[in-house]
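Subject: Structure handover

Hello,

Here is the structure we talked about. Please open it alongside this note; what I found follows below.

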Amino acid sequence: MDMIVTQGLCKTFKGKRGAGPVEAVRDVDLQVRAGGIFGFLGPNGAGKTTTMRMLTTLLAPTRGTATVVGRDLFREARALRQDIGYVSQKGGAYEYATGYENLVLQGRLYGLTKAAACAKADAVVARFGMAEYCKRDVRTLSGGQRRHVDLGMGVMHDPKLLFLDEPTTGLDPHSRARFWDVIRTLRETGVTVFLTTHYLDEADNLCDTICIMDHGRVVASGPPEALKRAVGADFVTIGVAPEDAERARALLAGAPGVKAAELAGDAVKLSVEAGERALPALLPRLAEAGIAIARVEMSRPTLDEVFLRTTGRGMSEAQGESDAEGGAGGWG
Ligand SMILES: Nc1ncnc2c1ncn2[C@@H]1O[C@H](COP(=O)(O)OP(=O)(O)O)[C@@H](O)[C@H]1O
Ligand SMILES: [Mg+2]
(Lines give C-alpha, C1' and ligand atoms only; values in the text may rest on other atoms or scores of the structure.)
(Ligands and ions follow the chains in the order given, each with its own letter.)
Protein backbone atom coordinates (compact mmCIF):
# COMPACT_ATOMS: atom_id res chain seq x y z
CA MET A 1 0.00 0.00 0.00
CA ASP A 2 1.09 3.57 -0.62
CA MET A 3 1.18 5.84 2.41
CA ILE A 4 1.54 9.06 0.43
CA VAL A 5 0.79 9.79 -3.21
CA THR A 6 0.93 13.32 -4.56
CA GLN A 7 0.51 14.68 -8.04
CA GLY A 8 1.63 18.12 -9.09
CA LEU A 9 1.68 19.47 -5.56
CA CYS A 10 2.45 23.21 -5.55
CA LYS A 11 2.63 25.97 -3.00
CA THR A 12 3.18 29.59 -3.90
CA PHE A 13 3.40 32.14 -1.09
CA LYS A 14 2.33 35.66 -1.90
CA GLY A 15 5.26 38.00 -1.48
CA LYS A 16 5.16 40.34 1.46
CA ARG A 17 5.95 44.06 1.33
CA GLY A 18 6.51 44.33 -2.39
CA ALA A 19 8.55 41.13 -2.68
CA GLY A 20 7.54 38.80 -5.50
CA PRO A 21 5.70 35.53 -4.87
CA VAL A 22 7.75 32.56 -3.62
CA GLU A 23 7.23 29.26 -5.41
CA ALA A 24 8.17 27.16 -2.40
CA VAL A 25 6.97 23.82 -3.80
CA ARG A 26 6.69 23.18 -7.52
CA ASP A 27 4.98 20.19 -9.10
CA VAL A 28 5.98 17.61 -6.56
CA ASP A 29 5.02 14.01 -7.37
CA LEU A 30 5.66 11.63 -4.50
CA GLN A 31 5.03 7.99 -3.84
CA VAL A 32 5.85 6.76 -0.35
CA ARG A 33 5.33 3.08 0.35
CA ALA A 34 4.18 1.75 3.68
CA GLY A 35 6.63 0.45 6.21
CA GLY A 36 9.95 2.19 5.76
CA ILE A 37 11.82 5.36 6.57
CA PHE A 38 11.42 7.94 3.84
CA GLY A 39 13.86 10.84 3.83
CA PHE A 40 13.08 14.21 2.34
CA LEU A 41 16.50 15.71 1.76
CA GLY A 42 17.51 19.17 0.67
CA PRO A 43 19.25 22.40 1.67
CA ASN A 44 17.53 25.13 3.68
CA GLY A 45 14.75 26.71 1.68
CA ALA A 46 14.28 23.70 -0.61
CA GLY A 47 10.61 23.40 0.33
CA LYS A 48 10.74 20.47 2.77
CA THR A 49 8.77 22.01 5.62
CA THR A 50 6.21 23.51 3.26
CA THR A 51 5.61 20.11 1.67
CA MET A 52 5.31 18.45 5.06
CA ARG A 53 2.85 21.08 6.31
CA MET A 54 0.67 20.45 3.27
CA LEU A 55 0.76 16.68 3.76
CA THR A 56 -0.23 17.08 7.41
CA THR A 57 -3.21 19.33 6.47
CA LEU A 58 -1.68 22.38 8.19
CA LEU A 59 -1.27 24.34 4.98
CA ALA A 60 -3.50 24.38 1.90
CA PRO A 61 -1.75 23.58 -1.39
CA THR A 62 -1.98 26.09 -4.21
CA ARG A 63 -2.47 23.27 -6.73
CA GLY A 64 -2.23 19.52 -7.00
CA THR A 65 -3.71 16.44 -5.38
CA ALA A 66 -2.58 14.25 -2.53
CA THR A 67 -3.65 11.07 -0.80
CA VAL A 68 -2.21 10.39 2.65
CA VAL A 69 -2.80 7.04 4.40
CA GLY A 70 -5.32 6.32 1.66
CA ARG A 71 -7.34 9.46 2.38
CA ASP A 72 -7.84 12.52 0.26
CA LEU A 73 -6.03 15.51 1.68
CA PHE A 74 -8.95 17.84 1.02
CA ARG A 75 -12.11 15.83 1.51
CA GLU A 76 -11.02 13.57 4.37
CA ALA A 77 -8.67 15.82 6.32
CA ARG A 78 -10.23 15.13 9.70
CA ALA A 79 -10.03 11.32 9.43
CA LEU A 80 -6.56 11.61 7.93
CA ARG A 81 -5.28 13.47 11.00
CA GLN A 82 -6.17 10.51 13.24
CA ASP A 83 -3.80 8.28 11.28
CA ILE A 84 -0.77 10.55 11.23
CA GLY A 85 1.61 12.02 13.78
CA TYR A 86 3.57 15.22 13.24
CA VAL A 87 6.57 16.49 15.14
CA SER A 88 7.50 19.97 13.99
CA GLN A 89 11.01 21.31 14.00
CA LYS A 90 10.39 23.23 17.19
CA GLY A 91 8.49 20.46 18.95
CA GLY A 92 5.38 21.05 20.97
CA ALA A 93 6.22 20.09 24.56
CA TYR A 94 5.31 22.39 27.45
CA GLU A 95 8.46 23.58 29.13
CA TYR A 96 6.99 23.69 32.64
CA ALA A 97 5.61 20.17 32.64
CA THR A 98 7.56 16.95 32.85
CA GLY A 99 8.19 14.78 29.83
CA TYR A 100 5.80 12.21 31.23
CA GLU A 101 3.05 14.79 31.80
CA ASN A 102 3.46 15.97 28.23
CA LEU A 103 3.00 12.43 26.96
CA VAL A 104 -0.14 11.87 29.03
CA LEU A 105 -1.59 15.24 28.02
CA GLN A 106 -0.99 14.46 24.37
CA GLY A 107 -2.75 11.11 24.77
CA ARG A 108 -5.71 12.84 26.44
CA LEU A 109 -5.90 15.35 23.56
CA TYR A 110 -6.27 12.41 21.22
CA GLY A 111 -9.18 11.14 23.30
CA LEU A 112 -7.51 8.42 25.39
CA THR A 113 -8.86 7.86 28.91
CA LYS A 114 -6.53 8.82 31.75
CA ALA A 115 -5.67 5.17 32.39
CA ALA A 116 -5.07 4.44 28.73
CA ALA A 117 -2.93 7.56 28.32
CA CYS A 118 -0.78 6.61 31.33
CA ALA A 119 -0.37 3.04 30.10
CA LYS A 120 0.67 4.30 26.68
CA ALA A 121 3.04 6.87 28.20
CA ASP A 122 4.68 4.11 30.27
CA ALA A 123 5.15 2.05 27.12
CA VAL A 124 6.66 4.98 25.22
CA VAL A 125 9.03 5.78 28.10
CA ALA A 126 10.23 2.18 28.15
CA ARG A 127 10.53 1.86 24.40
CA PHE A 128 12.43 5.14 23.90
CA GLY A 129 14.62 4.72 27.00
CA MET A 130 13.31 7.86 28.72
CA ALA A 131 12.92 6.50 32.27
CA GLU A 132 15.89 8.41 33.65
CA TYR A 133 14.62 11.89 32.80
CA CYS A 134 10.90 11.67 31.98
CA LYS A 135 9.90 12.96 35.44
CA ARG A 136 11.86 16.17 34.98
CA ASP A 137 10.51 19.44 33.58
CA VAL A 138 11.10 19.67 29.86
CA ARG A 139 12.89 23.01 30.27
CA THR A 140 15.69 21.21 32.14
CA LEU A 141 16.28 18.55 29.48
CA SER A 142 19.11 18.36 26.93
CA GLY A 143 18.38 18.84 23.24
CA GLY A 144 18.46 15.11 22.59
CA GLN A 145 16.17 14.29 25.52
CA ARG A 146 13.67 16.91 24.37
CA ARG A 147 13.61 15.41 20.93
CA HIS A 148 12.74 12.06 22.49
CA VAL A 149 9.83 13.70 24.36
CA ASP A 150 8.65 15.38 21.13
CA LEU A 151 8.86 12.08 19.30
CA GLY A 152 7.02 10.27 22.10
CA MET A 153 4.22 12.84 21.90
CA GLY A 154 3.98 12.18 18.17
CA VAL A 155 3.26 8.47 18.65
CA MET A 156 0.87 8.55 21.65
CA HIS A 157 -2.11 7.85 19.39
CA ASP A 158 -0.34 5.07 17.44
CA PRO A 159 -0.19 6.79 14.06
CA LYS A 160 0.40 4.71 10.97
CA LEU A 161 2.50 7.46 9.46
CA LEU A 162 4.79 9.77 11.42
CA PHE A 163 6.13 13.06 10.05
CA LEU A 164 9.35 14.40 11.60
CA ASP A 165 10.68 17.78 10.49
CA GLU A 166 14.47 17.96 10.87
CA PRO A 167 14.36 15.78 13.99
CA THR A 168 18.11 15.80 14.58
CA THR A 169 19.10 19.31 13.53
CA GLY A 170 21.46 20.77 16.12
CA LEU A 171 22.02 17.52 18.02
CA ASP A 172 25.54 16.28 18.71
CA PRO A 173 26.65 13.12 16.86
CA HIS A 174 26.02 10.85 19.85
CA SER A 175 22.48 12.13 20.39
CA ARG A 176 21.78 11.85 16.69
CA ALA A 177 22.86 8.23 16.65
CA ARG A 178 20.63 7.45 19.64
CA PHE A 179 17.73 9.16 17.95
CA TRP A 180 18.25 7.15 14.79
CA ASP A 181 18.02 3.96 16.87
CA VAL A 182 14.65 5.03 18.22
CA ILE A 183 13.39 5.82 14.73
CA ARG A 184 14.52 2.38 13.61
CA THR A 185 12.52 0.76 16.42
CA LEU A 186 9.46 2.61 15.13
CA ARG A 187 10.04 1.12 11.71
CA GLU A 188 10.21 -2.33 13.28
CA THR A 189 6.77 -1.82 14.79
CA GLY A 190 5.38 -1.04 11.35
CA VAL A 191 5.18 2.76 11.52
CA THR A 192 6.04 4.53 8.29
CA VAL A 193 8.36 7.45 9.00
CA PHE A 194 8.63 10.49 6.75
CA LEU A 195 11.42 12.78 7.85
CA THR A 196 13.17 15.82 6.49
CA THR A 197 16.88 16.40 6.88
CA HIS A 198 19.68 18.40 5.39
CA TYR A 199 22.26 15.90 6.66
CA LEU A 200 23.44 13.69 3.83
CA ASP A 201 24.84 11.05 6.17
CA GLU A 202 21.54 10.86 8.01
CA ALA A 203 19.61 10.23 4.83
CA ASP A 204 22.17 7.65 3.77
CA ASN A 205 22.31 5.76 7.07
CA LEU A 206 18.73 5.85 8.14
CA CYS A 207 16.46 6.04 5.15
CA ASP A 208 15.22 3.23 2.93
CA THR A 209 14.17 5.68 0.25
CA ILE A 210 15.03 9.32 -0.22
CA CYS A 211 13.80 12.16 -2.28
CA ILE A 212 16.14 15.06 -2.93
CA MET A 213 14.54 18.51 -3.18
CA ASP A 214 16.08 21.68 -4.49
CA HIS A 215 14.34 25.02 -5.09
CA GLY A 216 10.94 23.43 -4.57
CA ARG A 217 11.43 20.60 -7.04
CA VAL A 218 12.24 16.92 -6.72
CA VAL A 219 15.60 16.38 -8.39
CA ALA A 220 16.20 12.71 -7.57
CA SER A 221 14.48 9.90 -5.71
CA GLY A 222 15.05 6.25 -4.89
CA PRO A 223 16.97 4.09 -2.43
CA PRO A 224 20.28 5.77 -1.43
CA GLU A 225 22.29 2.83 -2.77
CA ALA A 226 20.63 3.04 -6.18
CA LEU A 227 21.11 6.81 -6.39
CA LYS A 228 24.79 6.53 -5.54
CA ARG A 229 25.22 3.65 -7.95
CA ALA A 230 23.64 5.67 -10.73
CA VAL A 231 26.19 8.43 -10.23
CA GLY A 232 28.97 6.11 -11.27
CA ALA A 233 31.65 3.71 -10.39
CA ASP A 234 33.33 2.73 -7.13
CA PHE A 235 37.03 3.41 -6.67
CA VAL A 236 39.46 0.72 -5.58
CA THR A 237 43.00 1.69 -4.66
CA ILE A 238 45.61 -1.06 -4.35
CA GLY A 239 49.00 -0.16 -2.95
CA VAL A 240 52.04 -2.12 -4.20
CA ALA A 241 55.82 -1.72 -4.14
CA PRO A 242 56.92 1.17 -6.45
CA GLU A 243 58.79 -1.19 -8.80
CA ASP A 244 55.63 -3.29 -9.27
CA ALA A 245 53.24 -0.41 -9.84
CA GLU A 246 53.21 -0.24 -13.63
CA ARG A 247 53.06 -4.03 -14.01
CA ALA A 248 50.15 -4.13 -11.54
CA ARG A 249 48.32 -1.41 -13.43
CA ALA A 250 48.65 -3.24 -16.74
CA LEU A 251 47.47 -6.52 -15.16
CA LEU A 252 44.44 -4.95 -13.52
CA ALA A 253 43.42 -2.76 -16.44
CA GLY A 254 42.17 -5.79 -18.33
CA ALA A 255 40.29 -7.43 -15.45
CA PRO A 256 36.52 -7.92 -15.59
CA GLY A 257 34.52 -4.99 -14.22
CA VAL A 258 37.42 -2.55 -14.40
CA LYS A 259 36.56 0.60 -16.34
CA ALA A 260 39.80 2.49 -15.88
CA ALA A 261 43.15 1.94 -14.19
CA GLU A 262 45.71 4.62 -13.45
CA LEU A 263 48.82 5.03 -11.34
CA ALA A 264 48.63 7.16 -8.23
CA GLY A 265 52.09 7.17 -6.62
CA ASP A 266 52.89 3.59 -5.62
CA ALA A 267 49.25 2.56 -5.92
CA VAL A 268 46.93 1.61 -8.73
CA LYS A 269 43.64 3.46 -8.71
CA LEU A 270 40.81 1.62 -10.40
CA SER A 271 37.38 2.70 -11.38
CA VAL A 272 35.16 -0.39 -11.14
CA GLU A 273 31.53 -1.24 -11.74
CA ALA A 274 30.79 -2.70 -8.31
CA GLY A 275 33.68 -2.79 -5.88
CA GLU A 276 32.43 -5.68 -3.77
CA ARG A 277 32.11 -7.91 -6.83
CA ALA A 278 35.30 -6.82 -8.59
CA LEU A 279 37.67 -6.90 -5.65
CA PRO A 280 37.78 -10.67 -4.96
CA ALA A 281 38.86 -11.31 -8.56
CA LEU A 282 41.44 -8.53 -8.66
CA LEU A 283 43.62 -9.53 -5.74
CA PRO A 284 44.47 -13.07 -6.95
CA ARG A 285 45.67 -11.64 -10.29
CA LEU A 286 48.36 -9.73 -8.45
CA ALA A 287 49.23 -12.65 -6.18
CA GLU A 288 49.66 -14.97 -9.19
CA ALA A 289 52.07 -12.47 -10.74
CA GLY A 290 54.07 -12.39 -7.53
CA ILE A 291 53.09 -8.82 -6.68
CA ALA A 292 52.76 -8.16 -2.93
CA ILE A 293 49.80 -6.04 -1.86
CA ALA A 294 50.58 -3.28 0.64
CA ARG A 295 47.08 -1.91 1.15
CA VAL A 296 43.58 -1.96 -0.31
CA GLU A 297 40.97 0.78 -0.12
CA MET A 298 37.54 1.09 -1.59
CA SER A 299 35.36 4.15 -1.82
CA ARG A 300 31.90 4.71 -3.18
CA PRO A 301 30.15 7.76 -4.52
CA THR A 302 28.38 9.66 -1.74
CA LEU A 303 24.99 11.35 -1.70
CA ASP A 304 26.88 14.63 -1.99
CA GLU A 305 27.98 13.48 -5.42
CA VAL A 306 24.36 12.64 -6.24
CA PHE A 307 23.35 16.16 -5.18
CA LEU A 308 26.22 17.67 -7.12
CA ARG A 309 25.33 15.72 -10.24
CA THR A 310 21.66 16.65 -10.15
CA THR A 311 21.92 20.30 -9.11
CA GLY A 312 25.33 21.34 -10.37
CA ARG A 313 26.52 22.41 -6.91
CA GLY A 314 27.53 20.75 -3.64
CA MET A 315 25.19 20.50 -0.70
CA SER A 316 27.35 22.69 1.54
CA GLU A 317 27.41 25.33 -1.18
CA ALA A 318 23.61 25.13 -1.43
CA GLN A 319 23.29 25.49 2.35
CA GLY A 320 25.52 28.56 2.12
CA GLU A 321 23.31 30.18 -0.53
CA SER A 322 20.27 30.25 1.70
CA ASP A 323 22.36 31.60 4.57
CA ALA A 324 23.56 34.37 2.27
CA GLU A 325 19.92 35.18 1.47
CA GLY A 326 19.60 36.08 5.12
CA GLY A 327 18.36 32.64 6.09
CA ALA A 328 15.31 33.03 3.87
CA GLY A 329 14.85 29.28 3.95
CA GLY A 330 15.03 29.40 7.68
CA TRP A 331 14.67 26.56 10.06
CA GLY A 332 11.20 27.44 11.16
N1 LIG B 1 4.81 31.51 5.23
C2 LIG B 1 5.69 31.79 4.26
N3 LIG B 1 5.59 32.94 3.54
C4 LIG B 1 6.44 33.22 2.54
N5 LIG B 1 7.44 32.43 2.15
C6 LIG B 1 7.60 31.27 2.84
C7 LIG B 1 6.75 30.88 3.93
N8 LIG B 1 7.14 29.68 4.39
C9 LIG B 1 8.21 29.32 3.64
N10 LIG B 1 8.49 30.26 2.70
C11 LIG B 1 9.57 30.21 1.69
O12 LIG B 1 9.40 29.00 0.95
C13 LIG B 1 10.66 28.42 0.64
C14 LIG B 1 10.70 27.01 1.20
O15 LIG B 1 10.74 27.05 2.63
P16 LIG B 1 10.69 25.75 3.54
O17 LIG B 1 9.62 24.86 3.08
O18 LIG B 1 10.65 26.21 4.94
O19 LIG B 1 12.11 25.08 3.21
P20 LIG B 1 12.94 23.98 4.00
O21 LIG B 1 12.04 23.39 5.04
O22 LIG B 1 13.36 23.02 2.95
O23 LIG B 1 14.10 24.70 4.58
C24 LIG B 1 11.70 29.35 1.23
O25 LIG B 1 12.15 30.21 0.21
C26 LIG B 1 10.94 30.11 2.30
O27 LIG B 1 11.50 31.38 2.51
MG1 LIG C 1 12.34 23.27 7.09
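Domain bounds here come from an automatic or database domain assignment. Please keep in mind that this is a predicted model.

**Domains**

The protein chain is assigned two stretches for domain 1, 2-228 and 307-324. Domain 2 covers 233-299. Taken over C-alpha atoms, the centres of domain 1 and domain 2 lie 44 Å apart.

**Strands**

Start with β1, residues 2-13. This strand pairs with β4, residues 63-68, in the antiparallel sense. The pairing runs over 5 bridges. Valine 5 has threonine 67 of β4 as its bridge partner.

Threonine 67 also has a bridge partner in β5, namely aspartate 72. β5 spans residues 71-72. β4 and β5 are antiparallel too, with 2 bridges between them. The hairpin of β4 and β5 has 2 residues between the strands. Look at valine 69 there: its phi is positive, near 50°.

**Cavity**

How many cavities of 30 Å³ or more does a search of the whole structure find? The count is 1. The volume of the largest cavity is about 40 Å³. Its lining consists of Glu225, Lys228, Arg229, Asp234, Arg300 and Pro301. Helix α8, residues 224-231, gives the largest share of that lining, with 3 residues. By class, the lining of the largest cavity has 5 charged residues, 1 nonpolar and no polar.

**Second largest pocket**

The second largest pocket holds about 390 Å³ of space. It is lined by 21 residues. Closest to the centre of this pocket are Gly85, Tyr86, Val87, Gln106 and Tyr110. Three elements each supply at least two lining residues: β6 (84-87), α3 (99-109) and α5 (143-154).

**Cysteines**

A disulfide is a covalent bond between the sulfur atoms of two cysteines. How many disulfides does the structure hold? The number is 0. Cysteine 118 is in no disulfide, and the nearest cysteine sulfur, that of cysteine 134, is 11 Å away. Cysteine 134 is in no disulfide either; for this residue the nearest cysteine sulfur is that of cysteine 118, at 11 Å.

**Arginine 108**

Where is arginine 108 placed? This residue sits in helix α3, one of the elements that supply the lining of the second largest pocket. Is arginine 108 buried, exposed or partly exposed? Its relative accessibility is 41%, so arginine 108 counts as partly exposed. From arginine 108 to methionine 1 is 107 residues in sequence. In space, the two are 30 Å apart, C-alpha to C-alpha.

Best wishes

Key. Residues numbered from 1 in each chain as written. Chains lettered and ligands numbered in written order. Predicted model: local features only at pLDDT ≥ 70, side-chain atom pairs only at ≥ 80, totals over all residues. Heavy atoms only, no water. Pairing = 2+ DSSP bridges. Helix = DSSP H or I, 4+ residues; strand = E, 2+ residues; numbered from the N terminus. 1 Å grid on protein atoms, 1.4 Å probe; cavity = no way out; pocket = protein on both sides within 12 Å on 5 of 7 lines; lining within 4 Å. Points joined across faces, edges and corners; volume = space filled by probe spheres on them. Nonpolar A, V, L, I, M, F, W, Y, C, P; charged D, E, K, R; others polar. Disulfide = S-S within 2.5 Å. Buried < 20%, exposed > 50% of the residue type's maximum accessible area, 1.4 Å probe, protein only.
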